[in-house]
Amino acid sequence: MSTKAAPAPRLLRSAGFWQTSREALAGYAMVGPAVLLLAGLVGVPILMALYLSLTNAQVGRPGVFIGLANFLALGRDSIFWATFWNALVFTGAAVSLKTVLGLAAALLLHQPLVGRQVYRGLVLLPWIIPTAFSTLGWWWMFDPLYSVINWTLIHLGVISRGLPWMAEPVLAKTAVVMVNTWRGLPFFAVGLLAGLAAIPRELYEAAQTDGAGPLARFRFITLPLLAPVLLTIILFSTIMTISDFNIVYVLTRGGPMNTTHMFATLAYQVGLVSGELGRGAAISLFIFPVLLVGVFLLLRVVRRSEVAGT
Amino acid sequence: MRAVACVSRAAPLYLGVAILLTFTLFPFVWMGVTSLKTNAELYNIEANPFTIARGITLSHYAYLFAKTLYPRWYANTLLVASLSTVIAVVVSVLAAYALARLRLRGSEVLGTGIFAIYLVPTSLLFLPLSRVVVGLGLNDKLWSLVVTYPTFLIPFATWLLISYFRTIPRELEECAMVDGASRLYALVRIVLPVALPGLVTVTIFSFTLSWGELMYALTFISSSVQKTLSVGTVGELVRGDVFYWGELMAGGLLAAVPVAVLYAFLSEYYVAGLAAGAIK
């Protein structure tokens with residue numbers, strides 16, 4: 001590893017063929033472990049998922065090729081369709097809520113408040129603490145008998161009897177969206193705060209001298225300049241929300257009566273708990289189109305901001 | 001007059017902050033309150049849940065340590081998270097340096113590929129990976145996690161480190177190498193110290209992500225002694241119809257402590273990671 005090679009001056013470079021190839025060799029050796037790990041444990045599994053979805057493989061049994069039978073069976077399966085709509089509705093609702101509330105939180109924490117740094121730090125906690133642990137707290141808050149949310153609502157006179165959070169599908173779905181919003185809001189808030197900080201003050205001052213009110217300034221300065229950051233955050237969040245496993249698993253396990261599943265939890269239940277590996281793989285593949293579109297759009301956004309030099 | 005106007009203008013803002021913080025922090029506070037209450041009070045429907053009338057108790061915490069494998073899960077998690085982090089950081093530093101610095105054919109494609117892989121959710125991979133893990137003979141072993149966790153850590157770490165390495169002037173290393181240092185030496189002694197903030201960021205993110213990972217642990221690990229905190233706490237503190245709520249909250253909260261401590265001391269690095277797109 002003791003290359004004494006100084007970077008060759010331009011004239012000598014053609015003569016330094018061996019040297020360049022040594023550099024390339026070293027380079028490939030350095031990238032090698034990452035490429036091998038990712039190819040073996042991400043690339044290969046993706047291909048395996050595609051293949052498994054076309055077989056009747058079960059846990060511990062290889063299975064045989066059955067064409068699109070798994071997908072056709074899913075098409076006739078009401079639980080799958082419920083999950084499909086959940087994926088769209090949960091993701092749509094949670095990402096919208098996160099966008100609106102996250103933007104509101106960012107605008108709020110952008111104000112010159114006393115203790116602003118402390119608030120910013122605290123707001124990020126739901127995003128830092130792993131959901132496997134924090135969702136336990138929500139689970140308990142939605143307990144049928146001892147729900148603190150129910151207790152508070154009853155004592156405020158909003159409801160007369162406790163809401164059966166985890167027993168009633170609509171309420172259980174609301175709970176899942178609520179926890180997801182709670183978890184993702186900090187990411188939006190703090191991400192957008194960085195975007196807000198990057199908007200030059202002079203723009204607002206100029207607009208103010210031209211007589212633009214706060215709403216006009218928000219509409220014509222803040223929003224357009226925040227758009228690239230907002231778009232990036234929304235794309236990231238959409239991919240993460242639609243593929244989420246932890247929140248549904250801890251909070252509802254897909255219940256009551258399989259009404260709150262997302263693709264990941266249904267794939268887990270069908271693929272591992274029931275052992276229908278091929279069917280489970282077919283379910284998880286429904287995340288794939290969203291992922292492809294997301295990656296495509298994100299790469300475009302990222303490239304554009306790289307070209308813009310930020 | 002001015003002070004009054006100022007207060008009346010700022011009051012709604014502080015009210016907004018109060019609502020925001022209540023929403024974000026309440027579940028943690030609630031876990032804490034619950035974990036300290038006696039069962040008699042916890043399961044009394046008449047009692048005001050916000051107060052601790054009968055005194056605080058550490059019995060739930062004691063139960064975790066005396067009657068469950070919680071300490072073992074803690075040790076397992078520490079081992080898995082530390083090893084995965086070390087592997088991920090070393091592999092990512094090497095890859096990122098090569099991609100950022102060396103004239104490699106295809107480095108553009110590799111960079112894009114790594115970013116795309118970063119976005120691949122684990123929920124797309126866990127079923128086929130369960131086969132791979134069995135094939136490798138790692139089923140129900142902690143090593144199955146040590147091997148698979150880096151795959152969702154490396155893409156982000158590499159992606160972030162590439163941008164850090166690119167900001168370091170090439171001349172710094174070239175000077176060292178003119179003086180006869182090898183490239184590896186230049187990387188370790190010149191580049192890494194300058195890229196320390198990036199290194200800290202990827203380290204704490206890798207640690208945090210592997211510390212709380214649930215899906216792979218649930219899929220690959222089945223015996224109680226091999227479990228990590230996430231699967232153990234979520235799965236083993238409910239026996240049949242009996243929920244050990246005090247223990248569940250105590251377990252969840254204690255499990256969150258290392259991450260919270262890291263965050264308390266290194267919050268600016270977490271924010272830097274967030275800005276770079278750390279989302280999982």
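Predicted model: local features only at pLDDT ≥ 70, side-chain atom pairs only at ≥ 80, totals over all residues.
**Stop 1: chain B as a whole**

The C-alpha atoms fill a box of roughly 75 × 70 × 30 Å along the principal axes. Chain B has a radius of gyration of 24 Å, while a compact globule of 280 residues would have one near 19 Å. Of the 280 residues, 47% count as buried. Now think about contacts along the chain. Among contacts in chain B with a separation of 6 or more, 75% join residues 24 or more positions apart.

**Stop 2: helix α5 of chain B**

Select residues 107–119 of chain B. This is helix α5, with 13 residues. Which residues of α5(B) are buried? Colour B:Ile114, B:Ile117, B:Tyr118 and B:Leu119, for these are the buried ones.

**Stop 3: two helices that cross in chain B**

Stay in chain B. Select helix α3, residues 59–67, and helix α13, residues 245–275. Two packed helices are described by the angle between their axes and the distance between the axes. Here the angle is about 80°, and the axes are 8 Å apart. Angles from 65 to 115 degrees count as roughly perpendicular, so α3(B) and α13(B) are roughly perpendicular to each other.

Now show side chains at the crossing. From α3(B), pick B:His60, B:Tyr61, B:Tyr63 and B:Leu64. They meet B:Gly246, B:Glu247, B:Ala250 and B:Gly251 in α13(B). The residues of this contact divide into 4 nonpolar, 3 polar and 1 charged.

**Stop 4: two loops of chain B**

Select B:Asp140. It sits in the loop between α6 (126–135) and α7 (142–166) of chain B. Look at its backbone. B:Asp140 has a positive phi of about 60°, although it is not a glycine. Is it buried, exposed or partly exposed? B:Asp140 has 14 other C-beta atoms within 10 Å, so it is partly exposed.

Next, select B:Ser222. This residue lies in the loop between α11 (215–220) and α12 (229–236) of chain B. B:Ser222 has 11 other C-beta atoms within 10 Å, so it counts as exposed. B:Ser222 and B:Ser84 are 138 residues apart along the chain, and their C-alpha atoms are separated by 20 Å.

**Stop 5: a loop of chain A**

Switch to chain A. Find the loop between α11 (246–251) and α12 (263–273), where A:Pro256 lies. Zoom in on the bond from A:Gly255 to A:Pro256. This peptide bond is cis, with omega near -5°.

Go one residue on, to A:Met257, in the loop between α11 and α12 of chain A. A:Met257 is not a glycine, yet it has a positive phi of about 50°. A:Met257 has 11 other C-beta atoms within 10 Å, so it is exposed.

**Stop 6**

Select α12(A) together with helix α13 of chain A, residues 277–284. How far apart are their axes? The axes are 7 Å apart, and the helices pack at an angle of about 170°. That angle makes α12(A) roughly antiparallel to α13(A). Now show the residues in contact. On α12(A), they include A:Phe263, A:Leu266 and A:Val270. On α13(A), they include A:Leu277, A:Arg279 and A:Ile283. The residues of this contact divide into 9 nonpolar, 3 polar and 1 charged.

**Stop 7: where the chains meet**

Show both chains. The contact takes 78 residues from chain A and 83 residues from chain B. Which helix gives the most to the side of chain A that touches chain B? Helix α1 (residues 17–52) of chain A does, with 18 residues. The residues on that side of chain A divide into 62 nonpolar, 14 polar and 2 charged.

Finish at A:Val190, in helix α8 (residues 169–197) of chain A. It has 24 C-beta neighbours inside 10 Å, so A:Val190 counts as buried. Leaving out residues up to four places away in sequence, A:Val190 touches A:Arg120, A:Leu124, B:Val271 and B:Leu274. Last, select A:Leu145. A:Val190 and A:Leu145 are 45 residues apart in sequence, and 36 Å apart in space from C-alpha to C-alpha.

Notes. Residues numbered from 1 in each chain as written. Chains lettered and ligands numbered in written order. Contact = placed C-beta atoms within 7 Å. Helix = DSSP H or I, 4+ residues; strand = E, 2+ residues; numbered from the N terminus. Nonpolar A, V, L, I, M, F, W, Y, C, P; charged D, E, K, R; others polar. Axes fitted to C-alpha atoms, helices over the stretch in contact; angles between N-to-C directions. Parallel < 35°, antiparallel > 145°, perpendicular 65-115°, else oblique. Expected span 1.5 Å × (residues − 1). Buried ≥ 20, exposed ≤ 12 C-beta atoms within 10 Å, placed from the backbone. Rg over C-alpha atoms; globule rule 2.2 N^0.38 Å.
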